2 protein chains.
Amino acid sequence: MTDYANRALLPGGLRDLLPPDAAFEASVVSGVMTHFAAHGYERVKPPLIEFEESLLDGAGAATSSHTFRVMDPLSQRMMGLRADMTPQVARIATTRLAQEPRPLRLSYAGQVLRVKGTQLRPERQFGQAGIELIGSDSPAADAEILVLSAESLMVLGVPGVSVDLALPTLVPVLFAELGITGALAERMRAALDHKDTAMVADAGEATPLLRALIAAAGPADRAIAALKALALPPAAAQERDRLSRVVDLVRADLPGLALTVDPVENRGFEYHTGVGFTLFARNIGAELGRGGRYLAGGSEPATGATLFMDSVLSALSRPKAKARVLVPPGTPRATAQAIRDRGFVTVAGLEPDSASTAEAKRLGCGHLLGADGIVEIH
Amino acid sequence: MTDYANRALLPGGLRDLLPPDAAFEASVVSGVMTHFAAHGYERVKPPLIEFEESLLDGAGAATSSHTFRVMDPLSQRMMGLRADMTPQVARIATTRLAQEPRPLRLSYAGQVLRVKGTQLRPERQFGQAGIELIGSDSPAADAEILVLSAESLMVLGVPGVSVDLALPTLVPVLFAELGITGALAERMRAALDHKDTAMVADAGEATPLLRALIAAAGPADRAIAALKALALPPAAAQERDRLSRVVDLVRADLPGLALTVDPVENRGFEYHTGVGFTLFARNIGAELGRGGRYLAGGSEPATGATLFMDSVLSALSRPKAKARVLVPPGTPRATAQAIRDRGFVTVAGLEPDSASTAEAKRLGCGHLLGADGIVEIH
């Protein structure tokens, strides 16, 4: 298969997964969901398409410009093709499952579609698999989501899993406490986004603090120590203490996990209301997933994480394929079943003369069922 | 959850699958795909959306009126949301995998969307899981597809699986040989569709034969015997002999399978070029799947079958849920893992006082991890 053929047949950013990738993706999703289920996360499955206003409500508004729309001929209302499953799961939690006890643990896996890809993620369709923990404001909830999503990657065998922690609520709280508002706040937000230590000189008395926040970014233990050394006003200090607590809890569960903290990181976390994080793997440029705290249905404390299955797959090597045995036509079903039960894949010959070594080779079978049993073909 | 709530939140014919149904559906799809894979069927995964003209090519044309369209902003061409995965798999087989050895065995599973539901199938989104066997014209190929799809339902535990066989090519061939053409052919086709033995009186000399064909419908052994007793012209006889051969091969593999034959059935098989079939289960009105012979890419002999996962699920009882254990906060990760390894689901308490019997009950946990190990709650 060439890229040219791919381009000619399908719209840009869409692709066919071929053997063995399609089966591998399914097995990876299944593994992740099994991991989540063992921790009490129960699966939900929202539809691919729903009314635009419920799909783009709350945090879903961020995906508005990425969302394909179609008219519903039944209701004459506009529907959207989901570009993100998270708002759908929040909708389910706060409506259909509003009466279920809290904290509510839900998981999901499915495909999403986007009108346009980005430079970092040119795909317009990809799989998401994730978890949501709804109804708890506890740091233990933040830690559980981070640990489970990172651990699910480790269990799959993703090499060099690392997590970048962010605290998108810290800077707004700090600015409010320091009286940094209006145009100055916007300029300082941009300066922090670009880690521009020169530009923060305009912040007056707050300049040393903002420089220290930029400098604090790095490995979690050092970053937390640096943040603890700062004289933060009360609300900002509370944010920092919460982050520190989450890091402690994660460390206790996954002591080997590479953790970094960037206290001024904000981009991509605009809808988050507390600790957020991004999952990476060694040698993979793209994010493998992200998560963080938000308000489900606009008011209920929640935290969750989503894995991007295309990036996860790119971080994994393909497993060895099962051995294939060509089985002559007329082989009793029980005989072939016994071979499958031994872990082989059977490929049935359909024509009377089809059980030959040459035919097995042609069909990619390394084995042939002969009169004396299974013969390996060299 | 009430039906009312369902209607209020989502467009008609679309729904949320909630716990435990969503997880159960995923496990059933996984089981079916594992069964197919063991027989050499390799999974492909086409995108949810592709160019209208490739989606609606050939057999896909049948789904044209069911297909949602959106404009692709990249290419300015129209795209369709798949209403059926079969044409996509045929496209993959005859383009990207054109150079792969034949017969080519492919499997697939995914969601499809339809503009409108039907009376029998009001859902506008449902899961398909299926197999395609491409590049063989052999009756053994027809039998393999039928056996595998029926057997996959049996392995899942679907009670009373039965298969209705059709031979949509028989009547056209017979009409051509008997010189039944034009308006008479249309009227006789309608008469056969309605099993109207009075109306076939207009067929002149062919009337007894058409009546005998209608009367032959029933359990496969009796139907095949009745067909063999008929003096059919050569091409029609060849069709009948092929059907008989397929029945023999299916009987040899699955002697217990309930098989019926309706030699004049045509509806729903318009795009088929040979033996077709429908899968049913005891007490379930809807079809669980269907399959049959067709031409992939307009010229390559192929046969395949699709299961409709919503109907398959309705035929199965839900498995027993795993026992849930509430685990106090601060429980070492290895301790909780050991509990999961014993087959329990663990639910972590998030607040310091959360590991009580009352809390376990509130969270639907039948067990609690105490100082002396796991305690069952009564």
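Start at the hairpin: select β15 and β16 of chain A, which form a hairpin with 2 residues between them. Strands here are DSSP runs of E with at least two residues, helices are runs of H or I with at least four residues, and both are numbered from the N terminus. β15 covers residues 367–370 of chain A and β16 covers residues 373–376, and the two pair in the antiparallel sense over 4 bridges. (Pairing asks for at least two bridges found by DSSP between the strands.) Now pick out G370(A) and you'll find G373(A) of β16(A) standing opposite.

A quick word on what you're looking at: this is a predicted model, where local features need pLDDT of at least 70 and side-chain atom pairs count only at pLDDT 80 or more, while totals for chains, interfaces and linings use all residues. Residues are numbered from 1 along each chain as its sequence is written, chains are lettered from A and ligands numbered from 1 in the order in which they are written, and side-chain values use heavy atoms, with hydrogens and water left out.

Next, select the whole of chain A. Its secondary structure comes to 13 helices and 16 strands, and its C-alpha atoms fill a box of roughly 90 × 55 × 45 Å along the principal axes. Of its 378 residues, 55% are buried; buried means under 20% relative accessible area, exposed means over 50%, and partly exposed is in between, using a 1.4 Å probe and protein chains only.

A UniProt annotation from an unreviewed entry, "domain: Aminoacyl-transfer RNA synthetases class-II family profile", covers residues 36–378 of chain A.

Zoom in on A109(A), which sits in strand β5 (residues 104–113) of chain A. Is A109(A) buried or exposed? A109(A) counts as buried because its relative accessibility is 13%. Which residues is A109(A) in contact with, leaving aside neighbours within four places in sequence? They are V29(A), M33(A), R43(A), M85(A), Q128(A) and A129(A), where contact means heavy atoms within 4.5 Å.

Then hop to P20(A), in the loop between α1 (3–9) and α2 (21–38) of chain A. The peptide bond from P19(A) to P20(A) is cis, with omega near 0 degrees. Over in chain B, P20(B) lies in the loop between α1 (3–9) and α2 (21–38), and the bond from P19(B) to P20(B) is cis, with omega near 0 degrees.

Two last stops have backbone angles to check. K195(A), in the loop between α7 (182–193) and α8 (207–216) of chain A, has a positive phi of about 50 degrees although it is not a glycine. K195(A) counts as partly exposed because its relative accessibility is 31%. Finally, select Q76(B), in the loop between β3 (69–71) and β4 (78–81) of chain B. Q76(B) is not a glycine, yet has a positive phi of about 60 degrees. With a relative accessible area of 57%, Q76(B) is exposed.

Conventions:
UniProt positions renumbered as here; feature names shortened; annotations may be inferred.
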